[in-house]
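These are my notebook entries on a structure that I wanted to look through piece by piece. I begin with the whole chain and then go down to single residues.

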Amino acid sequence: MLSAPLVIFTAFAYLVLLFAIAWYADQRAAAGRSIIASPWVYALSIAVYATAWTYFGSVGRAAVDGIWFLPIYLGPTLAMILGWVVVRKMIRIARTYRITSVADFIASRYGKSPLIAGLVTLITVVGIVPYIALQLKAISSGYAIMTTSPGESSLVEVSWWQDSTLYLALALAGFIMLFGTRHLDMTERHEGMVAAIAFESLIKLVAFLAVGLFVVYGLFNGIGDVYAQAMADAELAKLLRFDTGGHADYIFSQWFALILLAMLAFLFLPRQFQIMVVENVDERHLKRAVWVFPVYLLLINLFVLPIALAGLLFFGDNGANPDLFVLSLPLVTGQEALALFVFIGGLSAATGMVIVEAIAVSTMVCNDLVMPLLLRTRRFRGRQGGDLTRLLLMIRRLAIVILLLLGYLYFYLAGEAYALVSIGLISFAAVAQFAPAALGGMYWKGGTRAGVLAGLCAGFAFWIYTLMLPSIAKSGWMSTDFVDLGPFGLAWLKPEQFLGLSGLDNLTHSLFWSLFANIGAFVGVSLWTRPAAREASQALLFVDVYNRSHDHQPVFWQGRARIEDLKLLATRFLGPKRAEQLFEARPGPPGQGARPDRGYADARLVQRVETQLAGAIGSASARVMVASAVEEEDLGLEDVMRILDEASQLRVHSRALEDKSRSLEQATRELRAANEELKSLDRLKDDFMSSVTHELRTPLTSIRALTEMMLDDEDMPNEQRQEFLAIIVTETERLSRLVGQVLDMARIEAGHADWHSTELDLTEVVGQAVNSIRGRFEEKNARLEVHTERPSLPILADRDRLVQVMLNLLSNALKFIPEDGGRVDVQMTDSERGITVTVADNGPGIAPEEQPRIFEKFHQLDEGRQRGSGLGLPISRQIVEHFGGRMWVESTPGEGARFSFFLPRTSGASAPEPPSGRPARERNEHHG
Amino acid sequence: MGSKILIADDEPNIVISLEYLMRREGYEVEVARDGDEALSMIQRDRPDLVLLDAMMPGKSGFEVCQAVRDDDRLAGTQILMLTAKGRETDVAKGKALGADAYIIKPFSTRELAEKVRSMLGNEP
């Protein structure tokens with residue numbers, strides 16, 4: 001055993017840590033850097049589903065019933081995996097209409113009915129109290145076993161004021177008030193709470209896995225050992241079978257009932273709704289939760305059965321409470337530190353549930369029970385009256401305290417009679433009553449307020465009669481006669497065999513009757529009654545929530561509202577700051593019902609105020625408050641239809657407008673692009689002209705200067721004169737070659753060039769070019785070699801053009817090879833698709849950044865002393881491309897350059913021009 | 001002592017004609033084939049006037065001009081830019097960079113000789 005102060009101190013330290021985490025998360029949220037905006041945090045916080053019930057109760061149930069603890073976890077797993085679209089729709093609806101609780105959700109759908117909101121809240125409170133009692137019971141019995149020595153009995157009778165559980169309940173209430181109701185600003189999310197809950201989920205998982213590993217591997221030799229020993233014992237072996245615990249008769253119906261129950265509870269328990277829907281930061285986080293949450297449930301259930309079996313094997317029949325095996329096993333074996341950690345894990349499971357549940361329920365109680373009553377009094381209904389936010393906060397705090405005290409009361413009165421799991425299931429069955437109204441409301445427009453009231457009342461009545469009353473009776477507070485014999489001795493009214501329905505366990509029986517009555521009444525009455533206008537409009541807004549973007553939501557309101565009145569109203573419930581913001585951000589597109597008069601709000605603004613108020617006081621109360629502050633005209637069903645029609649027309653118009661503006665933008669973009677292209681073409685033309693000018697003027701400069709000097713200087717020696725004349729001739733040749741090339745280029749580019757394609761042999765063409773230039777290579781003492789795999793390479797092309805290409809490449813190579821030991825190799829390779837010719841030199845090579853540019857017109861390499869026109873390579877490339885081939889260069893600076901071109905076999909096809917005479921032109925580039 | 005002129009151009013035939021022309025005018029002539037060579041020769045030999053082609057491999061004429069003007073020790077060096085491009089922007093660029101005069105190719109030998117004479121103060 002551990003000393004009481006140590007356990008209490010550790011527990012308090014843990015709560016302080018939780019509070020620190022929450023505080024830190026709130027700070028971060030205020031700074032705009034939320035730590036809960038993560039799908040992992042979201043998924044972990046959903047694991048608030050696993051409470052003390054899971055932590056302690058599952059083992060207890062497994063110890064009695066074997067694998068019957070499982071359906072409670074299979075239900076949520078299925079709900080998450082199969083039903084995530086439902087959750088997503090709930091999130092979207094709650095986000096759009098600022099819904100803050102499950103009561104608000106249902107009430108808002110059915111015409112913002114205060115009656116429904118109140119009823120749902122009432123059912124919740126009654127149904128949830130046992131569940132909170134369960135958590136108190138778990139912590140208090142956990143604490144008892146931690147602090148009493150094994151022999152000593154912990155069941156010393158004490159009066160209520162000496163009962164530590166009472167103080168536990170009060171301490172928790174204080175803690176929750178700090179947690180959830182610190183801010184005056186109540187509509188915002190509880191970021192700190194979510195962070196703390198996610199942290200608690202981690203702690204309880206780690207603690208449970210730790211004790212599982214300890215029991216299985218520390219006390220036994222692994223899982224196999226536990227099962228082997230259990231199988232050896234006839235009593236325990238039964239636990240491992242499916243049909244255990246006397247359920248054999250109605251095994252399938254009970255599995256089905258439990259799974260369904262857990263599914264519905266998972267969706268509509270106030271704390272699950274709070275965490276999954278209200279606190280959701282981003283719809284997309286749901287995708288991660290869909291698999292993380294089931295994995296979490298799997299992990300936390302992994303060791304349940306082994307621990308249960310181990311506990312039974314270990315303690316035998318000496319009456320240890322199976323609910324507390326996770327604590328008693330480490331305690332008895334002296335692992336006190338582990339036991340303390342496990343206790344903290346259990347504490348985190350219980351506090352997590354109580355915190356979220358109490359915050360959610362207190363919001364519901366405040367908004368849906370207390371507010372409507374307050375609004376009946378003159379003081380609150382009136383248009384005067386100060387800021388009410390502080391009052392709202394007080395109501396919520398009070399609700400938290402009362403809820404926990406009720407939990408304690410239940411624990412005090414009935415707690416000892418039931419195992420943890422049975423208490424929890426009673427709560428589950430109560431919450432399941434919300435399913436027909438909520439699910440029906442999301443997917444069926446036909447449900448009406450009257451139908452929901454009938455359904456809820458019928459379902460709740462059956463729940464009380466068939467489940468709650470018998471449980472109280474069995475606790476000894478009432479005579480069990482009416483359970484055993486039926487009220488007034490009428491056997492057919494027996495609460496656990498209603499109308500003689502037997503063969504079901506009491507839970508399945510109750511679930512069957514309550515849901516049967518609930519759904520029957522809901523559907524029957526809905527079909528029979530006609531929805532009021534507001535119900536019809538809310539039905540449209542809920543069921544079709546995905547169909548409309550926010551701006552095109554129809555506004556179902558007509559009347560006359562002074563902006564001043566609305567402002568006053570908002571200030572009272574939201575505080576001056578938020579109210580100011582609300583009216584500053586004025587609406588976007590003009591909605592229907594806009595009023596031109598100054599000082600009057602249009603329908604959209606009224607609706608915005610109402611939505612914001614709904615976030616603070618619930619949609620039903622918000623409706624009442626807005627209605628009291630403005631002059632409204634009654635909305636008929638016809639009005640709803642008309643507004644809907646207008647809204648959809650508005651949507652059509654605005655969509656058409658959007659389309660038009662998109663296509664205009666598109667046209668503008670295209671025009672701009674075309675303009676850019678023209679501009680860049682213009683620049684290209686400019687550059688081209690400038691380059692041509694340069695290339696023409698350079699030879700002209702020499703020619704003019706030399707001739708002028710010869711003209712001026714009659715006494716010039718003859719040799720000098722001869723030398724100058726030779727230069728003039730060379731420069732003239734260069735000029736005419738340039739003119740020829742420019743024209744050639746222009747013709748090729750314009751597609752007016754003449755092509756004479758014939759069947760020819762490429763080796764012969766290369767040979768011709770090589771022979772005509774070989775002399776110049778010899779002058780420079782350079783080697784020129786031709787390598788070919790085959791003696792003949794037939795191809796369809798224009799002979800003169802290919803000679804021109806080869807001469808260009810060869811004379812370029814000649815220009816760049818070194819004075820000494822220059823070397824050029826021509827290589828021809830044949831392949832299936834065509835022929836590749838490569839001209840490789842051992843010159844200085846070309847830098848990588850220059851390589852793509854050398855095929856541009858008039859681009860010349862800086863290193864070149866001897867210059868060409870700058871058109872040789874572009875023309876060559878054009879020619880090769882004309883025959884469907886391509887030309888490229890590879891080079892490593894310092895190791896020479898390799899110019900290659902590839903000609904496909906089918907090249908002739910692209911040269912269809914008829915043969916015709918063409919002007920003679922210079923085709924090679926002998927001179928630099 | 002005659003003035004010293006540096007001819008900086010990468011076109012061999014233009015160099016031949018300029019060299020002949022300037023020698024005939026009685027100047028001492030040196031030749032540079034690209035921008036880098038021209039700049040190092042200006043720094044080393046301190047010519048009185050540079051006939052500087054705008055488009056040369058290595059440093060362009062513009063860059064050489066700018067480098068000379070940035071160097072206070074070379075303040076006495078006059079620069080006559082020659083260009084075959086002749087777009088107004090090129091002329092403006094040369095002037096802005098501190099060239100003393102600008103002549104467009106092809107030029108009249110008489111005009112060029114006249115200009116060089118006037119820049120060097122009528123004194124060959």
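Among contacts in chain A between residues at least 6 apart in sequence, what percentage join residues at least 24 apart? I looked this up and found 83%, where two residues are in contact if their C-beta atoms, placed from the backbone, lie within 7 Å.

**Entry 1: the model and its numbering.** I note that this is a predicted model, in which local features need pLDDT of at least 70 and side-chain atom pairs count only at pLDDT 80 or more, while totals for chains, interfaces and linings use all residues. Residues are numbered from 1 along each chain as its sequence is written, and chains are lettered from A and ligands numbered from 1 in the order in which they are written.

**Entry 2: chain A overall.** I counted 33 helices and ten strands in chain A; these are DSSP runs numbered from the N terminus, with helices taken as H or I over at least four residues and strands as E over at least two. Of the 928 residues in chain A, 45% are buried, a residue being buried if 20 or more other C-beta atoms lie within 10 Å of its own, exposed if 12 or fewer, and partly exposed in between, with C-beta atoms placed from the backbone.

I then looked at helix α24 of chain A, residues 533-543, which is mostly covered, with eight of its eleven residues buried. The buried residues are A:R534, A:E535, A:A536, A:S537, A:Q538, A:A539, A:L540 and A:F542.

**Entry 3: a helix pair.** The axes of α6(A), residues 114-147, and α16(A), residues 336-376, come within 9 Å and cross at roughly 160°; axes are lines fitted to C-alpha atoms, for helices over the stretch in contact, and angles run from 0 to 180 degrees between N-to-C directions. The two helices α6(A) and α16(A) are therefore roughly antiparallel to each other, the term applying to angles over 145 degrees. I sorted the residues of the contact of α6(A) with α16(A) into 19 nonpolar, six polar and two charged, where Ala, Val, Leu, Ile, Met, Phe, Trp, Tyr, Cys and Pro count as nonpolar, Asp, Glu, Lys and Arg as charged, and the others, Gly among them, as polar.

**Entry 4: the sheet.** Which strands make up the open sheet of chain A, and in what order? I read five strands in the order β5-β7-β8-β10-β9, with mixed pairing; two strands pair if DSSP finds at least two bridges between them. The edge strands are β5 (783-788) and β9 of chain A, each pairing on one side only. Neighbouring strands of this sheet are turned by 15° against each other on average, direction ignored.

Going through the pairs, I found that β5(A) and β7(A), residues 823-830, pair in the parallel sense over six bridges, with A:T788 opposite A:M828. Strands β8(A), residues 834-841, and β10(A), residues 897-904, are antiparallel over seven bridges, and there A:G834 has A:P904 as its bridge partner. Strand β9(A), residues 886-891, is antiparallel to β10(A) over six bridges, and A:S891 stands opposite A:A897. The hairpin of β9(A) and β10(A) has five residues between the strands, and A:G894 in this hairpin takes a positive phi near 95°.

Helix α32(A), residues 799-816, lies across β7, β8 and β10 of chain A and runs at about 20° to β8(A). Helix α33(A), residues 872-882, packs on the sheet and touches β9 and β10 of chain A, its direction making about 130° with that of β9(A).

**Entry 5: backbone exceptions.** A:K112 is not a glycine but has a positive phi of about 50°, and it is found in the loop between α5 (102-109) and α6 of chain A. Is A:K112 buried or exposed? With 26 C-beta neighbours inside 10 Å, A:K112 counts as buried. Phi of A:N781, another residue other than glycine, is near 55°; A:N781 lies in the loop between α31 (762-779) and β5 of chain A and is exposed, with 10 other C-beta atoms within 10 Å. In chain B, a cis peptide bond joins B:K105 and B:P106, with omega about -10°, and B:P106 lies in the loop between β5 (101-104) and α5 (109-119) of chain B.

**Entry 6: where the chains meet.** The contact takes 20 residues from chain B and 18 residues from chain A. Helix α1 of chain B, residues 12-25, gives the most to the side of chain B that touches chain A, with six residues.

Methods: Parallel < 35°, antiparallel > 145°, perpendicular 65-115°, else oblique.
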